[in-house]
Amino acid sequence: MTVTAGARPETAAPAQDRGPRRPSVPTTASHYLIWALTLLVVVGPVVPIVLASLWSTPLYRSGGGLTLGNFRDLLTDPAWWTAVGDSAAFAALTTVTSVLLGVGAAVLLSRTDVPLRRLFAALLILPIMLPGLVLIVGWMAMWAPSGYVSSWLEINTFLRFPVDLYTLPGMVLVATSVAAPTVFLFCRTTVLAIDPALEDAARSAGASPLRALLTVTVPLLRPAVLNSALLVFAISFEALGLPLILGFSNNIRFVSTYLYDHWINAAPPNQGLVSAGAVFLLLCVSGLLVLRNRLVGDAARYTTVTGKATATRVVGLGPARWLPAALLAVVLAVFVVVPLAGVVMSAFTTILTPYVTPWSVLTTENFQAIAEHPIWSESIVNSLLIAGAGGLLTTVAIAVVSVVAHRSSFRFRGSLQQAVVWPRMMPGLVTGMAFFWSFAILDPGGAVRGSLWGIGLAFAVRSLALGYGVFYPALAAIGEDLVRAARTSGATWWQAAVSVVLRLCAPAMAACFVLLFVSILNDADPAVFLVTDRTPVMGLTMLQLAATSTGGAVAAFGVIQMVITLAVLGAGRLFLGVRAHA
């Protein structure tokens, strides 16, 4: 009989020594400096908003004291509660329609043999790569009551566009065309990751391929659906451009336009009340994140990928596959193709009407007007400067903060990880207002607030979470043994981080820069409270024009935005391997 002796207690490896360990890194002053600067820039600006909401006078004026009057005025204003109700109804309807369209498209285009799947998927994600305001302008040009296509249908056919864009349902329809692609991308990734062996088990029990797909795969999408639904609801609840452009004519007010009107259009601006409203927005979004965690529960219940990989298989729908294909074609034509065509047609014509053939009124006057108008042309230059410099500096900042947060033994690294995600839960209006009050306190002379650096800082903080989401997966894939090897050769921790980690993460940094450039270029909300006549930016200039005019200049701006965005994404894909839907 063979006896196997167990290891002696004194020779057994200590539990804390088993497995990979984080290298012991001495904390230096640089770690504390990076931590302090990150929290100051990301979380610090929220403090002045809360203080402004509790102060009786604007923070840049002397005197005043603590008061709850701003919250009392806000909560007793019937217009405020009307705006909250309209915003909640709009966000809820947009979330429902976006989830239905996005989840349905993700399942159909990923796990069935619907024809033209790749073309439909490319068209569906196109709105994500373009400024949302461009699609809104296109919808107005083509599907508004006086739009080109809707008017043509009334003149030449018995068909009518069933929804008035200037009503709440019409605004929901426009918002769905922008939000549904987000749900589609969230769910498509999950669908492709689900092991088809689970469906095989259901089919072995007698289920048909379609029933196995609906009863096994679709329920596993719950985390992706909840995450995307939360994001869509939060973005819809704080949307500014859509209600400002389409809701004005029917006096539809959302929370965002309520705050915008009381700051921009009121004389004098009621800044304390607006700050109280911003605190309300921030609390609502924070509550949504808590609700999401409660609803998802234990994420381990949805784990489906194990050590054995199985190739993804599609479900054959037979002749019936042409029905969903036709339905998707109609939806994408109405939601994407026609509005984008409307932007281009409006930009290159003096008037867009079915009574006049477009090629008889072709012109470049709209682009000439932009070139000759000093503020309009300057806004394009400023946006390119902010997006270029801001995207580059933000990429470097994200790389440095991520290395400290995930590759060091710094005692406060957990708070850094949370800080870079924090801006995702801050509405754009709140971000802009936070920096306005911060500059009012720290820079009373307005030297920073009135410069492109101040606006760029707000845009950069707003986009931190986006860049971090692109950079971190590449960082996590790099083994710590490489850093240990560099340090064994005599390199300091910072030298190892720069020469090994960041060098290997160069492709991810390139992807981060491209996406940050596009995000900053097309954003507008953070600039509402910061832009002056000397510092116009393209997104806000286009928003203000669209809110007061439906002329060709707005469409021309839209074409310029589309061309710049697609050129940057194309260059990133060609030279850096950055996919547009990263």
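Me: What share of the contacts in the protein chain with a separation of 6 or more comes from residues 24 or more positions apart?
Reply: Such residues account for 77% of those contacts, where contact means heavy atoms within 4.5 Å. This is a predicted model, in which local features need pLDDT of at least 70 and side-chain atom pairs count only at pLDDT 80 or more, while totals for chains, interfaces and linings use all residues. Residues are numbered from 1 along each chain as its sequence is written, and side-chain values use heavy atoms, with hydrogens and water left out.

Me: How many helices and strands does the protein chain have, and what makes a run of residues count as either?
Reply: The protein chain has 26 helices and zero strands; both are DSSP runs numbered from the N terminus, a helix being H or I over at least four residues and a strand being E over at least two.

Me: Why are α17 and α24 called oblique to each other?
Reply: Helix α17 (residues 374–407) and helix α24 (residues 506–522) pack at about 140°, with their axes 8 Å apart. The axes are lines fitted to C-alpha atoms over the stretch in contact, and the angle runs from 0 to 180 degrees between N-to-C directions. Angles under 35 degrees count as roughly parallel, over 145 as roughly antiparallel, 65 to 115 as roughly perpendicular and the rest as oblique, and therefore α17 and α24 are oblique.

Me: Which residues make that contact, and how do they divide by class?
Reply: Among them are S383, L384 and I386 of α17, together with M509, C512 and F513 of α24. The contact of α17 with α24 has 13 nonpolar, six polar and no charged residues, where Ala, Val, Leu, Ile, Met, Phe, Trp, Tyr, Cys and Pro count as nonpolar, Asp, Glu, Lys and Arg as charged, and the others, Gly among them, as polar.

Me: What makes α1 and α17 oblique?
Reply: The axes of helix α1 (residues 29–42) and α17 cross at roughly 120° and come within 11 Å, and at that angle α1 and α17 are therefore oblique to each other. In their contact, H31, I34 and T38 of α1 meet V400, V401 and V404 of α17, a set that divides into four nonpolar, two polar and no charged residues.

Me: Why is V420 called buried, and where does V420 sit?
Reply: V420 lies in helix α18 (residues 413–421). Its relative accessible area is 5%, and buried means under 20%, exposed over 50% and partly exposed in between (1.4 Å probe, protein chains only), so V420 is buried. Leaving aside neighbours within four places in sequence, V420 is in contact with V401, L464, A465 and Y468. V420 and T38 are 382 residues apart in sequence, yet their C-alpha atoms are 8.1 Å apart in space.

Me: How do you know that L116 and N251 are exposed?
Reply: L116 has 54% relative accessibility and therefore counts as exposed, and N251, at 55%, is likewise exposed. L116 is found in the loop between α4 (78–111) and α5 (117–129), and N251 in the loop between α12 (241–246) and α13 (255–265). Most residues other than glycine have a negative phi, whereas phi of L116 is near 60° and that of N251 is about 60°.
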